[in-house]
Structures are given as C-alpha cells and as structure tokens.
Amino acid sequence: MKKEIERKFLIQGDFMPFVSSATRIEQGYVAKSDSLTLRIRTRNEQGYLTIKGRTNEKGMSRSEWEYEIPVEEARELLSFSKGTISKTRYLVPVGTHTFEVDRFYGKNEGLIVAEVELDSEDEEYPRPEWLGKEVTGDKRYYNSQLLKHPYSEWEKE
C-alpha cells in the first residue's frame, strides 16, 4: 500500500515558463464508500484505476493504490461515472520536487490548482513565487467534489 502525502495550492502567478510536460486527463468516479473511492482516469492513451482511502484529519495523507489498465477499458468504465473532470496536468520541477499543476475545463473552467507530493507531512518543500494560497484539506478542491459542486457554481471569494 502506498501512502499519498500531498499539499495543494491555488496559483497566483505564471508557472508556464517552468513547465516540463503537459498531459490531458479525463477522470470520473464509479464507486464511493465511507472509506474508499474508486477513480477511473485516462491520461493521453493510457488508462488507470485508482483506489483512494479516506484523507486524514489534516487533509494531507491517505492510502492509494493505482493500476494501469487498457485505455479502452478505462473509457468504458468512465461511462459509469456521473460526469467527468477534464483537465490538463502540467509538471513543473522546482528543486528536487515536482509540482503537478491542473488547469480545469468545463464547469470547473478558471480553476488552477498545484499539488506537491511529499515523503512525510513535515517535509520541507520549495515555494515558487507563482504558488498562491494553500487549500490542503479544503474539500471543495477535491476532484470528486468538483463533480458534485463545480467551481463555476461557487460564490466567488
């Protein structure tokens, strides 16, 4: 079992000059219980099935299992989801860390979020100037929640 530890931030500046690669992602959720979520994702021409455990009280850590599956099967499984999230994921290396910056489309257009994966909850990490407000643990920014309550429907802060 892998433990996913990450911090999540809004973007406040131009990260694009630092991007090393970009990938189009389509994802949906086909099952959810009190303790597990089953996500299906296509990334370019690859498919993935991911099981995620419940997030801890800080909103930073959870168990995660991810498996590559044939893209045709992933697309078929996505048809069972109640909607999908569309985004482009940009990889932005900063020192020894890589930030994953997601630019959302559709009903979540205008939302751009960066995540950095860590080895421990207290690990130090760089904070580039384009990194904005931390939203780790704010459930509104969970992809599964963005399907239920899209960014376009939020009252703007």
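Pro93 counts as partly exposed because its relative accessibility is 43%, where buried means under 20% relative accessible area, exposed over 50%, and partly exposed in between (1.4 Å probe, protein chains only). The model is predicted, so that local features need pLDDT of at least 70 and side-chain atom pairs count only at pLDDT 80 or more, while totals for chains, interfaces and linings use all residues. Residues are numbered from 1 along each chain as its sequence is written, and side-chain values use heavy atoms, with hydrogens and water left out.

Pro93 belongs to strand S6 (residues 85-94), strands being DSSP runs of E of at least two residues and helices runs of H or I of at least four, numbered from the N terminus. Leaving aside residues up to four places away in sequence, Pro93 touches Phe18, Ser20 and Thr98, a contact being heavy atoms within 4.5 Å.

The second largest pocket holds about 170 Å³ of space, a pocket being, on a 1 Å grid over the protein atoms alone, an open set of points where a 1.4 Å probe fits, with protein on both sides within 12 Å along at least five of seven lines, and its lining residues having an atom within 4 Å of a point. The volume is the space filled by probe spheres set on the points, which are joined across faces, edges and corners. Among the residues lining the second largest pocket are Tyr29, Phe80, Ser144 and Lys148. Strand S2 gives the most to this lining, with 4 residues, and S2 and H2 each supply at least two.
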